[in-house]
Amino acid sequence: MIELTALTKRYGRTTAVDDLTLSVRPGHVTGFLGPNGAGKSTTLRMIIGLTVPTSGTATVDGVPFRARPRGLRHAGALLDAGDVHGGRSAVAHLSALARSNGIPRSRVEEVLREVGLSAAARRRIGGFSLGMRQRLGIAAALLGDPPVLLFDEPFNGLDPEGVRWVRDLFRRLAGEGRTVFVSSHLMSEMEHCADRLVVIGRGRLIAEQSLAEFAAGSTRASVTVRTPHAARLAAVLAAEGADVRPAAAGALVVTGLTAARVGDLALAHGIGLHELTTRTASLEEAFMELTADSVEYLAGEGTR
Ligand SMILES: Nc1ncnc2c1ncn2[C@@H]1O[C@H](COP(=O)(O)OP(=O)(O)OP(=O)(O)O)[C@@H](O)[C@H]1O
């Protein structure tokens, strides 16, 4: 269990993490979502004791992580896969971590096998691809067989097979009763593996709920309708209180009415339809809508 209480981090005038209070429970994969610069990495670094909070607390199973002498047995983290000594081999890197955390040497071969790096175990890390570095970072997180695991953007650099493997791994770890907290700025990466979500923007908590609650609460359906008499139909639908917007190739996108009602109204006014489709907003769209106010840099900003 990870518990954050009024956790805050300021860098000069920038508040990277702003009064964050939440808990991340065992037995779940919890997605930690937010746009670039939302404060995800800073939060994860405070949980693992690499960054000191300005105020507030972060505990792992009731204790601040830095108070644990053999930390890797309590929490494992993949924070920055590039942050390893390139001249070392994977075995040497993991062996050093095992030694300083009182972890048996036999775990090194075990985790290398688990992440599929056994064949590359004695090669220099400097020659590893980004995907291999991610796998090595995951091996390091798993080394101490900890009950709490943190992963910062673990899908970066992975091919589709790697993405599937990581998702399955996270679900298995949660199934074993561990706390699995995974940051990402893409909902699409999370919707197939997380069952709970924490969403932040500009350092503040925006949502903390199950994926099912998020999906139920924020996906709006719209109806796409196509007719040679778009202007007439638009007027009919607007009179019924619908929001009607023109879309590509002469179509109308209607919200506030069901497809059945749109069809019935068109028939009642003698307007022939060439298309009538219901479309549910994707979770990615819902997430973008939720965090729109906290996006740090908008594409095209300043060019208008
Ligand atoms: N060491 C630092 N010194 C100054 N500002 C920092 C430092 N670390 C982070 N920040 C700022 O704090 C804010 C949050 O950054 P953070 O890296 O935690 O966000 P993030 O959600 O992980 O973003 P990303 O998805 O881009 O990694 C940003 O505005 C960032 O510029």
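User: Which residues touch the most other members of the largest nonpolar core?

Analyst: General idea first: in soluble globular proteins, nonpolar side chains tend to be buried together. A nonpolar core here is a set of buried Ala, Val, Leu, Ile, Met, Phe, Trp, Tyr and Cys residues joined through C-beta atoms within 7 Å; buried means 20 or more other C-beta atoms within 10 Å of a residue's own, with C-beta atoms placed from the backbone. In this structure, the largest core has 62 residues, and Ile-47, Ala-139, Leu-143, Leu-150 and Phe-170 touch the most other members. Helix α4 (residues 130-142) supplies the largest share, 7 residues. Another core lies apart from it, with 10 residues, including Leu-237 and Val-254.

User: Before I go on, what kind of model is this?

Analyst: It's a predicted model: local features need pLDDT of at least 70, side-chain atom pairs count only at pLDDT 80 or more, and totals for chains, interfaces and linings use all residues. Residues are numbered from 1 along each chain as its sequence is written.

User: What is Ala-139 in contact with?

Analyst: Contact means C-beta atoms, placed from the backbone, within 7 Å. Setting aside neighbours within four places in sequence, Ala-139 meets Leu-94, Val-111, Leu-112, Glu-114, Val-115 and Leu-117.

User: And which residues surround the ligand?

Analyst: A residue counts as near if its C-beta atom, placed from the backbone, lies within 6 Å of the molecule. Among those around the ligand are Tyr-11, Asn-36, Lys-40, Ser-41, Thr-42 and His-185. Helix α1 gives the most to this shell, 3 residues.

User: How are the domains laid out?

Analyst: The bounds come from an automatic or database domain assignment: domain 1 is 2-216 and domain 2 is 220-280. Their C-alpha centres lie 46 Å apart.

Definitions and conventions: Helices (H or I, at least four residues) and strands (E, at least two) are DSSP runs, numbered from the N terminus. A residue is buried if 20 or more other C-beta atoms lie within 10 Å of its own, exposed if 12 or fewer, and partly exposed in between; C-beta atoms are placed from the backbone. Two residues are in contact if their C-beta atoms, placed from the backbone, lie within 7 Å.
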